[in-house]
Amino acid sequence: MKAARPMRLVLPAVIGSAIAVTAFVLLPLPAAAGLLTAGSAGFGVALLRSAARDRTAGTRLRAIGLGGGALLAGLAGVASGVSVVIAPGVEVDGVPLPAEIPLVCLFLAAALALPALLRPPQGREPLARLRVGLDTVGVAACLLFPTWLMLMSGPERRGATVTAILFGTTATAVAAVTGVHAIRHRAALQWCGPGAALSLLGLTALTVGMDHPDNSNAAIATVAAAAALDAAAAMQWWGATRVRPDAGPLPPVGSEPAAGFPLFALPVLGSGVLVAYHLVNGGRLDPTSIILATVALLAVAAREFVSAIVLRRQADHLADQGNRLRSLMFGSSDVAMVIDTAHAVRWQSPAAARHFGLSDQDVLGRPVTALVDPDQAEAVHDYLSDRISDPTEHTAGSPLAVRLRDGFGRWRETEWTAGGADPAEPGRTLVVHVRDISEQLELEQALRQSAHVDPHTGLANRQGLVQAGEPMPEAGALIVLELGGLTAIADVHGTEVVELVLAEVAKRLRTRVEGADVPARIGEARFAVLTHGGAVRAHVLASQLVTVLTTPYSAAGTDAHLSVWGGMTDLAPEAGMDEVIRRAALALRAVRTAPPGAVEWYDEEMEQRLVRRSTLEQDLPGALARSELEVRYQPIVELSGRRPVGVEAVLGWRHPTLGRVPAAELLPLAEELGYLGDVRHWMLHRAARQLAGWRHHHEDLWLSVNVRPRELADPVFQAALETAMATHLVPESAMVIEIAEHDLQDDNGHDLAGLLGKLRAQGMRTAVGNFGTGPTSLSRLRILPVDLLRVDREVFGQPADASRRLGAIMDVTVTLGRRLGMEIVAQGLQTADDLDTVQAAGCRLGQGDLLGRPLPAEHFEALLEQHRDRSHRG
């Protein structure tokens, strides 16, 4: 494959050369020259294909314009050469056909190439635009003058020649000046601009040569024009597809790279030589030639005058910049030194004496390593050697911290940065900038110290605790203590007393911990101790600290009291200090539900519980909107016929990640977060609507709702209950309000008897659920207005060896409940033995998984219909 690739490139070149030689041997010279321009057409096609495939180095517009122009130039040459052979005497409006074809294509090629070169806009200042315009006029005049002098000074003037010279030289000047004076895309336009200019000049020469078929020099001109067209097309192809446009920033205004380019040198020199040749051979200057020469000279003079103005402005600008540089150098706090290859100081800025007390007599000519700390002399030597050897590679490198002895014999902390070579002596010098950072280092040290210390207590803060714990010791523990009561102290005694109490807390911590332990304040009311002892010692220390910190504080003539809780965790080498603090904080969060003085260790199960709790707290506010809450219905049946007579509404939460959350967990959380009213309102309406629908066919069906004592006293709950029943037309007798037995012991001062009596007065029934799981006695039930007593399985569901004793307890419970006027419901039936026990005791109603689990509304409705059909068949 590698051998075949060069063959594909060489073979077309050999074939093309053979065809060209054959054409020049067999065909007239003008015809062969025309066919030679096929190379320009080939390059034009290549440019257009690159633009179509988006493989140009610059803009596609430039490639399309230049490719179209090159293609037209090549086709025009071929067509002109063919017409020389097949139509040698044909004229168009007095112009030979071989000359008319390239003349027309000259206008078309200029219309394609010039817009492509003029994009993108160069954005020059007014004087720069004037200079470009003068260059264009001058170059056009310099090209037109000798051409006119040689071809038009005689009596015969042909129209095609005159038109081609006037238009072609002007277009050539525009293209050439555009390429030379380019600012944006300069690299590409330096190829494309002269290439387009040479192409337009070649078309002009081809037109003139074909317009003078009888002139012996015309054939040579056509051959030269054809070669110029091919070379021009190659230049345009290269510039548009292989040269990437400049991507760097634009040069400053007035400092264009081509400002001093000797653009007129070649045209003026060529014009002078041709004028001398013309005059020596007896020629003369006609008025038109004199006018063209005058225009060219005026353009040159005006251009040089404008360039002088621009150069003067640049000189003034450089002088102003030099003055600014000198003022900055004299006022700068940095010291600049020029170091030679021997590391001797060749020059230093005036700031050296002002900031370091280093005079020129003490520094100049001496090795710079004599001024630095001897321990750093070798590092400074290597640093300077590397940067002197290759300043461009290391200029942007990191600075070097160096201790420098000033003129007073003191050591100063400095920072050295290499700034490249001295422009006056490149390759043999290095400019080094020296900055005094002594005060900066002192300030950073003070800031680091203040950033790790609590300003009020003098203990380490969280950052200081993290720094003290890294690297993590092999053994130890972190104790986090939270103080309760600071807000109360501030409200009663003021914030000044709080500050005094916190200072005393810090003092007590310091006196209790050992020297290796680190006390810290990591929050407004949260302190920590990092101890390196074992778990037993850490727990003893935590208990001692809790005891010490709860001792009353005497401050400002008053006694203040604090409550303290403690959370602890082991120092885990695999976890960072931040993770250790987080774990101790989780343990503290878990122990805050306990009485003051409690201390708790962190474990993974605790974290799982707290994470679950936090997740529920975050997701509960939107659970209703996301339709995640649900109500299921567990039947309460007659044990004799298994007929559902009532139903308990069981609230639940279908959490998307944690699964089903029971009501026992959901309701306390909703109450704590303040969402219990919304949840209960939704549940009551949902259950009441379902009950109203079921009672159309089951008129004696009733609904039991488990509520908390504080809800009974809440007017919002009372209003929600009445609204739900009224909205869905549920009679009061169909509603049973149930209080769990453990809630009877925590009524928080509510008059449960009065609240339950009020419900009974409205026609609703009341119940006590989970009876037998708490210390409630039957004597207390006697004073409560209760209609249903739901006996928990704890009373009757025990192992077989205790069945007789438990059966007796159940007998007593049923008998006393009936004497008190209560209907007994056996709650939690799970096995056949449970059922036998409660039936033997005379219990009429039962509930539990044995008789039916909590069901969705549609499943419970199907259960009702099943028993209804069974009763109809009976």
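Biologist: Which handedness does the crossing of helix 24 and helix 26 have?

Modeller: A crossing is left-handed if the near helix is turned anticlockwise from the far one by less than a right angle, and right-handed if clockwise. The crossing of helix 24 and helix 26 is right-handed. This is a predicted model, where local features need pLDDT of at least 70, side-chain atom pairs count only at pLDDT 80 or more, and totals for chains, interfaces and linings use all residues. Residues are numbered from 1 along each chain as its sequence is written, and side-chain values use heavy atoms, leaving out hydrogens and water.

Biologist: How is the packing of helix 24 and helix 26 described?

Modeller: Two packed helices are described by the angle between their axes and the distance between the axes. Axes are lines fitted to C-alpha atoms, for helices over the stretch in contact, and angles run from 0 to 180 degrees between N-to-C directions. Helix 24 (residues 676-694) and helix 26 (residues 715-727) pack at about 20°, with axes 9 Å apart. They are therefore roughly parallel (under 35 degrees).

Biologist: Which residues of helix 24 and helix 26 meet?

Modeller: Contact means heavy atoms within 4.5 Å. Among those in helix 24 are His681 and Leu684, and helix 26 contributes residues including Phe717 and Leu721.

Biologist: At what angle do the axes of helix 4 and helix 8 cross?

Modeller: The axes of helix 4 (residues 60-86) and helix 8 (residues 186-211) cross at roughly 20° and come within 11 Å. This crossing of helix 4 and helix 8 is left-handed.

How values were computed
Helices (H or I, at least four residues) and strands (E, at least two) are DSSP runs, numbered from the N terminus. Angles under 35 degrees count as roughly parallel, over 145 as roughly antiparallel, 65 to 115 as roughly perpendicular and the rest as oblique.
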